[in-house]
Amino acid sequence: MRLRTLFWLPVALAVPLMAGTVGRLVPMRGAISDIALDERRQVLYAANFTANRIEIMSLADLTVKGSLPMSETPYVLALSQDQRFLVAGHFLGGLTVFDLDANQRAEQTLQQQVVSVVFGAGSDALVVTKSGFYLLNPLTNVLTALPITGSVGSCNINVNPGTKPIDVVGATAGVSGDGQTVYILARVTNIEPPECKPEEPDNFYLLEYRPLATSVVITGASSKPPLGPRVVSVDRDGNNFLAGWALYSKDPATGYRFLRAQFPNIRGAWALGGHAYDFRRNVIYAQVPILNNTATSAPPVLHLLDTDNLTVRKIVNLPNPIAGRSVFSADLNYLFAVAESGVLVLPLEDLDTSPQIEADREDLLFQSNSCDRTIRRQTFRILDPAGRGADFTIKLPDGTRGVRVFPSSGTAPATITVEVDPIAFQSQQGTVAVNLSISTSAGVNVPWPVRVLVNTRDFDQRGTIVNVPGKIVDVVADPYRPRVYVLRQDRNRVVVLDANTYEQLAWLRTANTPVQMAITLDGKHLITTADNSQILTVHDLDTFEQLPPIIADPGRYTRSIAVTQNEIWATARLAFQKEACSGGGTHELLRVDLFNRRATPPARLGIYANCISENSMLSSTPSAALALLAQPNGSVLLYESSASTWVVGRKDFDSLSGAVGAFNDNVFVVRDNVLDMALFPVERRPLQGTPSGLGAVPGAFYLRTAATPQGPGFIEKIDVVQYPASRFSRLVESPLVPVTTQPVNLIGETILPFTRTLAIAVNPGRIFSASTSGLTALAYAYDAPVPMPSIASVLNIADNTQAVGPGSLVLIRGTGLATAAETGGTPWPSSLDQACVLLNGNPLPLGRVSGTEILVHIPFSAASGQLVVRSAGGVSAAFPLTVEPAAPAIFRDGAAGPLRGLATLIRQANNELVTFSNPIQPGDRISIYLTGMGRVFPDPGAGVPAPAEPVSSVVLRPTVTIGDTALNVDFAGLEPGRIGVYRIDATVPWWVRNGQSLPLTIRQGTFETSVDVRVVPKP
């Protein structure tokens, strides 16, 4: 018998007080212990353990139509697959067999307590009693003993009020969809009444019964907390099943059974909650009470989870708590479950068609800087996936200032505006997260919150924020590809980002509650650990395909992982007491065998005992020649690939935490302690804050990051040549440090006291720090000296003259204007690459920036004044800028064949540029593209693409002439979809004078501009 202990983590459950529910409760008086569905007769049978009867519920109107009187304690029901025979097992002994076709019943007397009866694909029922195993032929009512030795345990009656039938009996069964496999979960030992509480550890038997082969395989194991809810749910073919809170899988080729995942944060109560395996929709329905719930019933919320890793998809509210087994209808469209007050009937289509509320965004990131503290707005959508118009209410945390949400209530669908006043956050100089809670009274689901992130940076802060929603616990850069991998623990996934563009390339599924990642030495595979699964996931990094997992030895959950030149190591949390360990820890290191897909503990680590803390951290050196193990108790160990063993083990500290890593093969760092090649402490490099990340670019520099109590944290760069001298720079937002948050429902959380939050992407030469909003990205030269910005000239971008009017696109030229080239999105932002431009103290929208040029859009309401540039190097001297009421300037960026720099005049007759070979003719309609034509109505705002409906027309109407002939102006306004681009549509009169070079002049107020054109007679 193999003993195995399984473990839990604490969590809190957040459920709205008032909400819609899905499903219907059929109330019954008494304690329902089991149900059986008879679709041929359109009834459901419910064993009433305390009322000594079987309730008969009609499926037509969901009411109790009658009952079958029984002897004491009918506990379990089994219906044959042809629905002819119903067998009831009595806990106090005996069986009742109903021939439903013949309307007959027969009693089978047994002196033994019956704990389970189940039909599979065969005609006989398996009967499990406390002292034996039997096959029952329901036609002849003959019991045949199976040649299996062993006994199961139970409690006895008399019991205290509040004790449930499953607490007394302790056994349950589940059948695969094809009927070929039956699993039975039963107690090993007897416990004493009157409370009948499950023991810890919970010693149990797991029986696998193959009806057609008449074989029973019994496995003994133990769990902590108890393996509850005491329910077994099986998939179609029996290769995957849930027993209590554990999801097991079987390798069809070898028959080896392993724990694929487990519900996190569980209490382990036998009689509270339940689950069901829907193999048609590939979803698990589960109501499982969490650790800190001490109520006598599970909260009535149903989780919908993925079948491979128990990721929570959705949470819905039920009218009554589940309290035992569930059965599906034959078409899997209905689920019937034992409930606290009777039987719960759940039409599964209602999970999609009932009113629900969800947001289309997880995060809203607001960024401001010291140049622009204007109020910012973003929107998200509240949707009802079922299209039922459910109501919603959005609430801010109490005491929140600087954030406004409107509307804060209504019905879906709705567009929600979030308004942020950066001034309320300016003292933070980092990122503040504010959660918007969403609730609904008519909707049946529990909506996820929306996170509002407010960043207020100053110009000496470095980095670009890359928003990655969720609980980020690890970041790894690909040594061969321009990618970075971000581990999102709350959704059990790896997010793959392009290291150049920061765009998401893919996301990869992991096991439950992933903790760390590692890339194999050849760069082909990504391995991810998990703290609520006994497997490590493996992905092919060329195809993103998920490969067969690595299976850890039973009772071991992997956390930290490191790849060396000849071995892969992982720390493991043990779910049982390792008796050989004392003092140094009671958990293990595992040797990970990628080829054979196994992770097993070596007997010892060189001369050292394989006894470590569950919260230990592994870190490889940049060369992968060595691996460092740091433990919270102050111990450190070092693995050497060339020796294939652990060569150093020291304990020079009372405790350790924080960042762990190596600068090279000879210098290691744990928190602020520098260790030499023998792990001897040689130096302390204190930081004003909590160390977060460590990294190195071999031969160039070392990096450290830290979070500070006030402010955004910083990054330290240590030049290899100038060691130990270093330079400190403030980050745009704080790097992550170990913080345990309030977990929600069945979503796991494992936060180690050590951190690994810095990743160095050699290709393309970027640094990534896991931070508040997801990631902070920095160039290698993020700290390069930045000169003071200086403005040399300000010219409109159309004809490169000093003519500037409201709405002009203007190019500022100078030096030190920005640290790097960066282009803005739409609408144009007020800052790029730590640079912004102010006109009379008001920020201007930026189209692009570089060290020598900045493209800006002058607002339509702008006036003359002082122009300054702020960048990481400081503030430029003021540049006097004259803004005319209107200063039309024709774009000179047209091209026709080899000709370049042509004026952008278009003949609409052929939609080509006006040139010497494509001259203007009488009667032509022409379009002229300009900038700087002044105010428009309606005003779309600066830096925003012009609307197509209604179009924005100029306020000061222009005139257009060719020579001394006036053209009829049909339209003058903004070109739809463009920023800062105006268009004039004009018609050339028939009497226009011909000429090889005539001036086309545009006048607006006192300002005019012209370009020479050729005019020829119309052929």
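**Figure 1. The disulfide between C155 and C196 in a predicted model**. A disulfide joins C155 to C196, with S to S at 2.0 Å; the term covers a pair of cysteine sulfur atoms within 2.5 Å. The torsion about this S-S bond is about -70 degrees, so the link is left-handed. C155 sits in the loop between β13 (142–145) and α1 (165–169), and C196 in the loop between β15 (182–187) and β16 (202–210), so the bond ties together parts 41 residues apart in sequence. Helices (H or I, at least four residues) and strands (E, at least two) are DSSP runs, numbered from the N terminus. C155 is buried at 0% relative accessibility, and C196 is buried at 1%. Buried means under 20% relative accessible area, exposed over 50%, and partly exposed in between, with a 1.4 Å probe and protein chains only. The model is predicted: local features need pLDDT of at least 70, side-chain atom pairs count only at pLDDT 80 or more, and totals for chains, interfaces and linings use all residues. Residues are numbered from 1 along each chain as its sequence is written, and side-chain values use heavy atoms, with hydrogens and water left out.

**Figure 2. The disulfide between C371 and C836**. The S to S distance is 1.9 Å. About the S-S bond the angle is 105 degrees, and the link is right-handed. C371 lies in the loop between β30 (363–369) and β31 (376–383), while C836 belongs to strand β73 (residues 836–839), so the pair ties together parts 465 residues apart in sequence. C371 is buried, with a relative accessible area of 7%. C836 is buried too, at 0%.

**Figure 3. The disulfide between C581 and C611**. Their sulfur atoms are 1.9 Å apart. With -80 degrees about the S-S bond, this link is left-handed. It connects distant parts of the chain, 30 residues apart: C581 in the loop between β49 (568–574) and β50 (588–593), C611 in the loop between β53 (608–609) and β54 (617–620). C581 is buried at 9% relative accessibility. C611 is buried at 12%. How many disulfides does a search of the whole structure find? It finds three. With the bonded cysteines numbered in sequence order, the pairing is 1-2, 3-6, 4-5.

**Figure 4. An open sheet of five strands**. The order is β70-β71-β76-β75-β72, with antiparallel pairing. Two strands pair if DSSP finds at least two bridges between them. β70 (790–796) and β72 (822–823) stand at the edges with a single partner strand each, so one side of each has no neighbour in the sheet. Six bridges join β70 to strand β71 (residues 809–815) in the antiparallel sense. I791 has G814 of β71 as its bridge partner.

**Figure 5. The hairpin of β62 and β63**. Strand β62 (residues 690–697) has seven of its eight residues buried, so it is largely enclosed by the rest of the structure. Seven bridges link β62 to strand β63 (residues 701–707), and the two run antiparallel. G693 pairs with T705 in β63. Three residues separate the strands of the hairpin, where G699 takes a positive phi near 80 degrees.

**Figure 6. The surroundings of L881**. L881 is in strand β79 (residues 879–881). L881 is buried, with a relative accessible area of 6%. Leaving aside neighbours within four places in sequence, L881 is in contact (heavy atoms within 4.5 Å) with V794, V804, L839, I858, S864, G865 and L867.

**Figure 7. The largest nonpolar core**. Such a core is a set of buried Ala, Val, Leu, Ile, Met, Phe, Trp, Tyr and Cys residues joined through side-chain atoms within 4.5 Å. Strand β10 (residues 114–119) gives the largest share, five residues. Not counting residues up to four places away in sequence, I184 touches S116, V118, L126, V128, T172, A173, Y205, L206 and L207. Another core lies apart from it, with 34 residues, among them L185, A221, L242 and L259.

**Figure 8. Confidence across the model**. The average pLDDT, the predictor's confidence in each residue from 0 to 100, is 93 for the protein, and 97% of the residues score at least 70. Over residues 1–18 the pLDDT is below 50. Beyond near neighbours in sequence, that stretch has 83 contacts in the model.
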